[in-house]
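Dear colleague,

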Amino acid sequence: MLFWLIVSQILTLSSLLPWFAVVGLSFGAFDAGVSFASLLLVALIWSYPVFILVCIATAWWCYYQSYQNASLISTSVPLLIAVPLLGFLMYAEIWRWLH
């Protein structure tokens with residue numbers, strides 16, 4: 001249980017490294033002008049670390065309150081976003097080195 005909490009949160013936090021690049025590029029959404037869609041896109045991208053921190057805090061609170069299932073779920077939810085993102089970045093890097 002504790003092992004999964006730590007491993008899943010390390011994986012989730014490692015997804016913040018490529019997030020910094022995405023944040024820098026997210027302002028390109030305003031190149032065509034300010035619209036609701038561009039504001040929503042930038043807001044979703046910028047809210048990603050807050051989402052991660054809320055899930056991590058909830059997981060540890062549930063762990064200390066002995067809510068084992070809730071702790072596992074709340075620490076695994078950000079992985080639904082982080083694992084595909086990290087997998088794609090690894091694939092892109094391997095593809096770049098092979099070609």
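**Fold and core**

From the N terminus on, the elements of the protein chain run α-α-α-α-α. Please note that this is a predicted model. The chain has five helices and zero strands.

As to overall dimensions, the radius of gyration of the protein chain is 16 Å, whereas a compact globule of 99 residues would have one near 13 Å. Taken along the principal axes, the C-alpha atoms fill a box of roughly 50 × 40 × 15 Å. Of the 99 residues in the chain, 27% are buried. The accessible surface comes to about 6800 Å², and carbon and sulfur atoms account for 80% of that area.

With regard to contacts within the protein chain, among those between residues at least 6 apart in sequence, 69% join residues at least 24 apart.

The largest nonpolar core consists of nine residues, namely Leu16, Trp19, Val23, Ile45, Tyr48, Ile52, Ile56, Leu79 and Ala82. Helix H2 (16-26), helix H3 (36-64) and helix H5 (79-98) are the elements that each give two or more residues to this core. H3 provides the largest share, with four residues. As general background, nonpolar side chains in soluble globular proteins tend to be buried together.

One member of the core, Leu79, may be of interest when you inspect the model. Leaving aside residues up to four places away in sequence, Leu79 touches Trp4, Ser8, Leu11, Thr12 and Pro84.

With kind regards

Definitions and conventions: Residues are numbered from 1 along each chain as its sequence is written. This is a predicted model: local features need pLDDT of at least 70, side-chain atom pairs count only at pLDDT 80 or more; totals for chains, interfaces and linings use all residues. Side-chain values use heavy atoms; hydrogens and water are left out. A nonpolar core is a set of buried Ala, Val, Leu, Ile, Met, Phe, Trp, Tyr and Cys residues joined through side-chain atoms within 4.5 Å. Buried means under 20% relative accessible area, exposed over 50%, partly exposed in between (1.4 Å probe, protein chains only). Contact means heavy atoms within 4.5 Å. The radius of gyration is taken over C-alpha atoms; the globule rule is 2.2 Å times the number of residues to the power 0.38. Accessible areas come from the Shrake-Rupley method with a 1.4 Å probe; for residues, only the protein chains shown count as cover.
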